[in-house]
Every structure is written in C-alpha cells, then in structure tokens.
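Please keep the structure in view while reading.

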Amino acid sequence: MIEWFGENLWAAWLALTFVLAVVESFLLDLMFLMLAVGALAAMTVSLAGGAAWMQVVVGSVTALLMLGAVRPIALKHLKKGSADQLTNIDRMEGMEAQAIEAVTETAGLAEVDGDTWTARAAGNFQIEPGTTAVVESVDGATVYLRPAPSIEWNDPQTREA
C-alpha cells in the first residue's frame, strides 16, 4: 500500500486539489483556490516524475505566488464598483413599505420591494395594515419602519384660505 502511494503521489495531490476547491466554493475568498492551484502544480511535477521534495517545493512556491501576486489583483477586479454603491439590505433604507398587519414596537409584518419582512415600529407608534411606511433601518430579517410623510387634506392648517 505504501509503495503504491509513493508511486502515485499525484493522486493525493489531485484529491487535495478537489478538497481545497470544495472548501473555496463555500468560503468564496479565493484563498483556498490559490492553494488548490499550488496542489495542482505539485501534481504536475509528480506526473512528470519529480521527487516528493520537489513536488512539495513547487506546490508551496506556486501557492505562495498565487496568494501574494494573483489573489490581490483578482479580489480587486471582483470587488470592482464604487465604494458608495449600496447593495442588498443596505439599499433598503428609505424604501417604501406596506404594512400587511399592524406594526408596533413588538410585532408586525410588512411588504418591502415585493418581499414580506418581519416589521417593527421605529418608535412608540402603530402603523395600521395597508398603510404606507418608510424603512428606517434593517436588523437581520426585521425592518424598522416609520410612518410615510403624508398630507392631511382635512387639516385646517393645510387648507387654502
């Protein structure tokens, strides 16, 4: 068994490459992908008949070069976009929401951008079902709402004289 493993070290490098690639698919930070490339380089040396120490050296140097030179450039290109560009829940602040059920400081549901969210009032007030509100903040899966500004047409202060 040990003789077979020594003669077929490329299989161990290939297995390590796949394990590192699977870990990378869960973490998505490009670190394990760079290590997988190093293991792939070591496998290539093994298939070419290189000694075990040469496989380790080539794999390590390749992985270090990938981590130091390629990863920073790849991350910069992947995260391209302006720093003030809002995505996901960051963009929800200020969006309109519709109360599905009464929203208080302790309970409620609201629809924001077509999705139903757990909602809480962002103060000591109640937002009635069907009322439009504005997202003040988001914490986990809960939106905190404030009443949307509106004009009271029957208010004597807003009527024309």
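A residue counts as buried when its relative accessible area is under 20%, as exposed when that area is over 50%, and as partly exposed in between. The model is predicted, and the values below are computed from it.

By this cut-off, the buried residues of helix H4 are Gln 55, Gly 59, Ala 63, Met 66 and Arg 71. Helix H4 itself covers residues 52–78. Among the elements that cover its buried residues are helix H2 (9–27) and helix H3 (31–47). At Val 70 the helix bends by about 40 degrees, and Pro 72 follows within four residues.

H4 also contains Val 61. With a relative accessible area of 44%, Val 61 is partly exposed.

In soluble globular proteins, nonpolar side chains tend to be buried together. The largest nonpolar core here has 14 residues, of which Val 103, Val 112, Val 143 and Leu 145 touch the most other members. Two or more residues each come from strands S1 (96–99), S2 (109–112), S3 (115–121), S4 (132–139) and S5 (142–147). S3 gives the largest share, three residues.

Leaving aside residues up to four places away in sequence, Val 143 touches Met 92, Val 112, Trp 117, Thr 118, Ala 119, Arg 120, Val 135, Ser 137 and Val 138.

Note on methods. Residues are numbered from 1 along each chain as its sequence is written. This is a predicted model: local features need pLDDT of at least 70, side-chain atom pairs count only at pLDDT 80 or more; totals for chains, interfaces and linings use all residues. Side-chain values use heavy atoms; hydrogens and water are left out. Buried means under 20% relative accessible area, exposed over 50%, partly exposed in between (1.4 Å probe, protein chains only). A nonpolar core is a set of buried Ala, Val, Leu, Ile, Met, Phe, Trp, Tyr and Cys residues joined through side-chain atoms within 4.5 Å. Contact means heavy atoms within 4.5 Å. The bend at a residue is the angle between axes fitted to the seven residues ending there and the seven starting there.
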